[in-house]
Amino acid sequence: MKSIAALLVGACSICIFSLNASALPAALAEKEPSLSAKCAVAMNYDTGELILSKNAFEKRAMASTTKIMTTLLTIEAGELDRKFTVDSMAIRVEGTSMGLKEGYIVTRRALCYGMMLPSGNDAANAAAVSVSGSIPEFVRLMNKRAAEIGMTDTNFVTPSGLDAEGHYSTAYDMALLTREALKNETFRNICSASTMTIDFGNPPVPRTLNNLNKLIDLYDGCIGVKTGFTDNARRCLVSAAQRGGVTVIAVTLNAPNDWDDHGKMLDYSFSKISPRRVTLKSHALEVVGGNTDVVTAVPEKSLTLGLTDLSAEKISVRYFLPDFVYADISKGQELGYAEVYCGDSFIGRVRLLSDANCHRIEGKKGFLDGIISFFTGLFS
């Protein structure tokens, strides 16, 4: 049987679909809130659309919110539960700490909690050496990953976020980073924890770490993400919250009243975004050599996105399907896929699956076989 995947080039169609809005109870804000932050953004997680911004692209020190990148890279490196001894030089660092000492046995997972909850600079350095062998090499990896995410106004110099010449980002870039990190379920679980008991030490014993991010308990629906402070950066905060099927990311850099800023930013954003159902169509495909002539490719799942009125008008779906398929086909087999876009921004992909089994019948010719036979006989 010929590969169905090879036939996907056969067809690509685009359609702009209708949206059915579901009501989200919230008082509509008349204007953007006044903020104490020097730089701030609120971003719709589903689409990347900015709901509000203030000096969004101004380069500034971002303190320990840097650890969002360090934690993401540590998770992506894998082997989260392998035990090892921390590098004795790496943990000799100033500032906040998870309490690592020379000879302590840890796991990468423990270091991730140590970075995201008590904001351990020792954890960040130890993780960097564990993943890349050295801090300079890990910093190179941080900047490479930043470029992949699209953080064009960011440069990392330290894994911890301690003040260093040339270490900077923007509120917008930090929102992009957080949007990428929140796609990782392990990261979500870590950054949303108020407290966590983990084993480390020599020998490892249970120790409880507390999250410095008070917003998790202060704001209903908050799922993280990270606090930060240095003398140069001042108070920095990245948060994310979920409400009624909508997720919003908020970032403030140099914000004296960051808890209050984030409450107002999140409330304002939720008043502008509502969950809306995306219409995904089914497609009938001709079957060659099967006990049925047609099989239907149906969406694997429904899709609901948090959208503003503006972004809803920009949604489109592109379908990638073959012109025909060959039997045998099993129910649930992937026949193609649909890609969802908001303007030019890729939002996600949904597989299109066969709605039924279709068995091969030896010797049966389909419509296309008939055409081929006709022209073959004609030119013979």
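A: Let's start with a term: on a 1 Å grid over the protein atoms alone, a pocket is an open set of points where a 1.4 Å probe fits, with protein on both sides within 12 Å along at least five of seven lines, and its lining residues have an atom within 4 Å of a point. This is a predicted model, where local features need pLDDT of at least 70 and side-chain atom pairs count only at pLDDT 80 or more, while totals for chains, interfaces and linings use all residues. Residues are numbered from 1 along each chain as its sequence is written, and side-chain values use heavy atoms, with hydrogens and water left out.

Q: What volume does the second largest pocket have?
A: Rolling a probe the size of a water molecule over the atoms shows where empty space is left. Here that pocket holds about 370 Å³, a volume being the space filled by probe spheres set on the points, which are joined across faces, edges and corners. Its lining has 20 residues, and Ser-64, Thr-96, Gly-228, Phe-229 and Thr-230 are the closest to the centre.

Q: How many residues of each class are in the lining of the largest pocket?
A: Ala, Val, Leu, Ile, Met, Phe, Trp, Tyr, Cys and Pro count as nonpolar, Asp, Glu, Lys and Arg as charged, and the others, Gly among them, as polar. You get eleven nonpolar, six polar and seven charged residues in the largest pocket.

Q: In which sense do strands S7 and S8 pair?
A: Strands pair if DSSP finds at least two bridges between them. S7 (residues 195-201) and S8 (residues 204-210) are antiparallel, with seven bridges. They make a hairpin with two residues between them, and Ile-198 sits opposite Arg-207 in S8.

Q: Which residues of H2 and H3 meet?
A: Contact means heavy atoms within 4.5 Å. Arg-108, Leu-111, Gly-114 and Met-115 in H2 touch Ala-123, Ala-124, Ala-126, Ala-127, Ser-130 and Val-131 in H3. That contact has seven nonpolar, two polar and one charged residue.

Conventions: Helices (H or I, at least four residues) and strands (E, at least two) are DSSP runs, numbered from the N terminus.
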